[in-house]
Amino acid sequence: MSFGRLEKPAGHQPMSDINVTPLVDVMLVLLVIFILATPLMASRLALELPKAAAPAAGAPDPVVSVTIALDAQGKTYWGEEAIDPASLPQRLQEAARRDPSTEVQLRADTAVPYGRVVQIIGLAQTAGLSRIGFVADPAAAPAAPAPAR
């Protein structure tokens, strides 16, 4: 007679390994969320600005001003009069001597190089004039930029 095994079959053993695939998936999703959210949080600048009451609306104070214009051909104008650029520092110093609070209204053609505009600002500040206004044409609509391709 033949006898079978006397021991019981072991069956299924419990799994002792941890499945890390779901953990890795969750960590990758969190990493992507932090990568996208960090620039949004960093670009916000929280400031507590001072509060001031607005002055009563009335007639504006008369402002002493001089107008300097630069055209596309590189000519410099003091008001409506064409001047030599070498005489501009002297005129600015005279205006500053008369009234140090004189405002310089700068009108520059769109074709004027930025460096030339900066030179005029520097000359005005060197002469002692710190109030500088940039005059623009509000009626002219800005040209739309060409689409990038």
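Trainee: What's the relative accessible area of arginine 91?

Mentor: It's 23%, so arginine 91 is partly exposed; buried means under 20%, exposed over 50%, and partly exposed is in between (1.4 Å probe, protein chains only). Keep in mind this is a predicted model, where local features need pLDDT of at least 70, side-chain atom pairs count only at pLDDT 80 or more, and totals for chains, interfaces and linings use all residues. Residues are numbered from 1 along each chain as its sequence is written, and side-chain values use heavy atoms, leaving out hydrogens and water.

Trainee: Which residue does arginine 91 form a salt bridge with?

Mentor: Glutamate 81, with the closest N and O atoms 3.1 Å apart. A salt bridge here is a Lys or Arg side-chain nitrogen within 4 Å of an Asp or Glu carboxyl oxygen. Arginine 91 is in helix 2 and glutamate 81 in strand 3, 10 residues apart. Those elements are DSSP runs numbered from the N terminus: helices are H or I, at least four residues, and strands are E, at least two.

Trainee: How many salt bridges in the whole structure?

Mentor: Two. Glutamate 103 also pairs with arginine 131, at 3.6 Å between the closest N and O atoms. Glutamate 103 lies in strand 4 and arginine 131 in strand 5, so the pair ties together parts 28 residues apart in sequence.

Trainee: And glutamate 103, buried or exposed?

Mentor: Buried, at 18% relative accessibility, while arginine 131 is partly exposed at 37%.
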